[in-house]
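Trainee: I've got a new chain to look at, and I'd like to go through it with you. Can we take it step by step?

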Amino acid sequence: ARRERLLCYYVQKLILAHWPATDSSRMKDYIQDPKPNGYQSLHHTASISAYGEDWPFEVQVRSEEMHRIAEFGVAAHWDYKLKKVTPQLTPSCTSDTHDTNDDDEQGKQEEDDDEQNDSS
């Protein structure tokens, strides 16, 4: 674990040499000071200039184990987002299914009408 943390700091140093932080107040060291839920990572915001514009981006450096905990462990917030989204999706899914069934019934009725017209 110590080796992984040291490698994260080394990688951050290499990245900062190419893409320095644009705002030092936005540099966060969650390895030294992990969040209460166990989240660990090194963050900073940098920028690339291209086509006459600045393109800001955030860099996050963490080990494979830190990433696993961030994405799937107690530090993950996908479960919270999923619970937040699911209730909103349920009514529209139900109405979409209802609309589709109505269309299917109407289509079957039109097919039946066509068959009756063909046999006349």
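Trainee: Are Tyr30 and Tyr39 buried or exposed?

Mentor: Start with the cut-offs: buried means under 20% relative accessible area, exposed over 50%, and partly exposed in between, using a 1.4 Å probe and protein chains only. Both tyrosines, Tyr30 and Tyr39, come out as buried. Keep in mind that this is a predicted model, where local features need pLDDT of at least 70 and side-chain atom pairs count only at pLDDT 80 or more, while totals for chains, interfaces and linings use all residues. Residues are numbered from 1 along each chain as its sequence is written, and side-chain values use heavy atoms, leaving out hydrogens and water. So for Tyr30 and Tyr39, the word is buried.

Trainee: What kind of aromatic pair do Tyr30 and Tyr39 form?

Mentor: Rings of Phe, Tyr and Trp (its six-membered ring) pair if their centres lie within 6.5 Å; planes under 30 degrees apart are stacked, over 60 edge-to-face, and the rest tilted. Tyr30 and Tyr39 are 5.7 Å centre to centre with 65° between the planes. That makes the pair edge-to-face.

Trainee: How many aromatic pairs does a search of the whole structure find?

Mentor: Besides the tyrosines, Trp19 and Phe57 have ring centres 6.4 Å apart and planes at 80°, so they're edge-to-face too. Trp19 lies in the loop between H1 and strand S1, and Phe57 in strand S3, 38 residues apart. Trp19 is partly exposed at 35%, and Phe57 is partly exposed at 26%. The search of the whole structure finds two.

Trainee: Which residues of H1 are buried?

Mentor: Helices (H or I, at least four residues) and strands (E, at least two) are DSSP runs, numbered from the N terminus. Down the axis of H1, the buried residues fall within an arc of 65° (taken from the directions from the axis to the C-beta atoms), so they line one face. The face turned away carries exposed Arg2, Arg3, Lys13 and Ala17. The buried ones are Cys8, Gln12 and Ile15.
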